[in-house]
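Thanks for sending this one over.

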Amino acid sequence: MSARVAALIPAAGSGERLGMGAKALLELNGITLLERAIRCLAPLCDEMVVALPSDQLGFELPEVVRKIAGGTTRQETVKRLLEATNADFVLVHDAARPFLPLEVAHKVLSAAKEFGSSTAALPAADTLVLEKDGNWDLLIDRSNVRAVQTPQGFNRILLLEAHLQAVQENWEATDDAGLVARLGKPVALVNGDPRLFKVTKPGDWALAQAFARVWDAENRWV
Ligand code: C5P
């Protein structure tokens with residue numbers, strides 16, 4: 001029997017920094033951020049579970065998608081999503097990243113199957129420095145620096161172990177690969193994509209609105 005894959009989509013954030021209400025449910029060119037993440041992941045998965053704010057569980061989604069209530073932090077939300085599936089592998093992808101090229105998701109999943117854990121990550125294009133009191137302090141060698149994105153892929157049991165350990169040690173990370181790395185397990189890095197940028201602040205929203213038309217023309221789904 002082939003391994004079962006579940007897409008887990010945290011979409012329960014309040015979108016506080018954007019200031020427009022539940023971010024995942026906002027529309028770009030007539031399609032919500034959440035629906036965009038769902039459509040990108042659907043070809044790779046046997047099941048999908050989405051975490052929504054508890055007052056948005058009535059939000060209409062395709063019937064194949066299961067809905068659960070998210071937690072107060074992203075980490076808590078992902079733990080709940082993990083507990084809602086028994087798939088062999090999981091692909092965790094933030095609804096806040098609505099433009100997910102299929103080939104990136106595919107490579108992340110393949111690497112997770114091979115190594116147990118993987119994430120999309122982008123090499124740094126800019127010069128990187130540490131700042132001190134508003135001034136340039138130290139130059140960082142950018143050649144080995146990566147900006148970690150989602151999707152992230154995992155053997156489900158491994159990620160669950162990482163989450164349980166984090167709860168036990170009261171440890172909070174900004175993503176799931178960070179929790180696995182903390183266990184001392186390898187996390188394979190797969191080349192990410194600039195189109196996978198996270199919609200966080202009003203400037204990102206403006207960029208996403210403009211880019212949605214280009215993406216939709218290329219992906220022919222509107
Ligand atoms: O807030 P931020 O954009 O970093 O959140 C990343 C992702 O995690 C978003 O898709 C957001 O909806 C989700 N999230 C969640 N539950 C929380 C906080 C964030 O599902 N409590």
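The notes that follow cover the model itself, the ligand site and the cysteines.

1. A word on the basis. This is a predicted model, in which local features need pLDDT of at least 70 and side-chain atom pairs count only at pLDDT 80 or more, while totals for chains, interfaces and linings use all residues. Residues are numbered from 1 along each chain as its sequence is written, and side-chain values use heavy atoms, with hydrogens and water left out.

2. The ligand shell. Around the ligand are 15 residues (a heavy atom within 4 Å), and P10, A12, K23, T77 and K198 are the closest. By class, the shell splits into five nonpolar, five polar and five charged residues.

3. Polar contacts (N or O atoms paired within 3.5 Å). The backbone of P10 places an N or O atom 2.8 Å from a ligand oxygen, and a polar backbone atom of A12 is also 2.8 Å from an oxygen atom of the ligand. T77 uses its side chain: a polar atom there lies 2.8 Å from a ligand nitrogen. On its own the ligand exposes 460 Å², of which the protein buries 85% (Shrake-Rupley method, 1.4 Å probe).

4. The cysteines. How many disulfides are there? The count is zero, taking a disulfide as two cysteine sulfur atoms within 2.5 Å. The closest cysteine sulfur to that of C40 is in C45, 11 Å away, so the two are too far apart for a bond.

Conventions
Polar contact = N/O pair within 3.5 Å; in protein donor to acceptor, adjacent residues only side chain to side chain. Nonpolar A, V, L, I, M, F, W, Y, C, P; charged D, E, K, R; others polar.
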